[in-house]
Amino acid sequence: MEIYINRGGQQYGPYSLDQVQTHLAEGTLSVQDHAWADGQASWQPLETLLGTLSLCSMCQAPLEPEQVVCFQC
């Protein structure tokens, strides 16, 4: 999954979910930054986007829409 960030009219990315989480932990991204990923209808706050992602219950890898089997674990 590729995540794009829009801050101040400038687009950044693509980032993996792991990269986004690292940047959030470092403080270089904010949950209020606007984000978009494949399958999303529009840009939305990163916090909202992260809340809509389906994650594998075992390894927490992101799952694509309608993906039933995790290929990470």
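Biologist: Why is Gly-51 called exposed?

Modeller: Its relative accessibility is 63%. Exposed means over 50% relative accessible area, buried under 20%, and partly exposed in between, with a 1.4 Å probe and protein chains only. So Gly-51 counts as exposed. This is a predicted model, where local features need pLDDT of at least 70, side-chain atom pairs count only at pLDDT 80 or more, and totals for chains, interfaces and linings use all residues. Residues are numbered from 1 along each chain as its sequence is written, and side-chain values use heavy atoms, with hydrogens and water left out.

Biologist: Where is Gly-51 placed?

Modeller: In helix H2, residues 46-52. Helices (H or I, at least four residues) and strands (E, at least two) are DSSP runs, numbered from the N terminus.

Biologist: What makes the pair of Tyr-4 and Trp-36 tilted?

Modeller: Rings of Phe, Tyr and Trp (its six-membered ring) pair if their centres lie within 6.5 Å; planes under 30 degrees apart count as stacked, over 60 as edge-to-face and the rest as tilted. The count by this rule is one aromatic pair. The centres of the Tyr-4 and Trp-36 rings are 6.0 Å apart and the planes stand at 40 degrees, so the pair is tilted. Tyr-4 sits in strand E1 (residues 3-7) and Trp-36 in strand E3 (residues 34-37), 32 residues apart.

Biologist: How do you know whether Tyr-4 is buried or exposed?

Modeller: Tyr-4 has 19% relative accessibility, so Tyr-4 counts as buried.

Biologist: And why is Trp-36 called partly exposed?

Modeller: Its relative accessible area is 24%, so Trp-36 is partly exposed.
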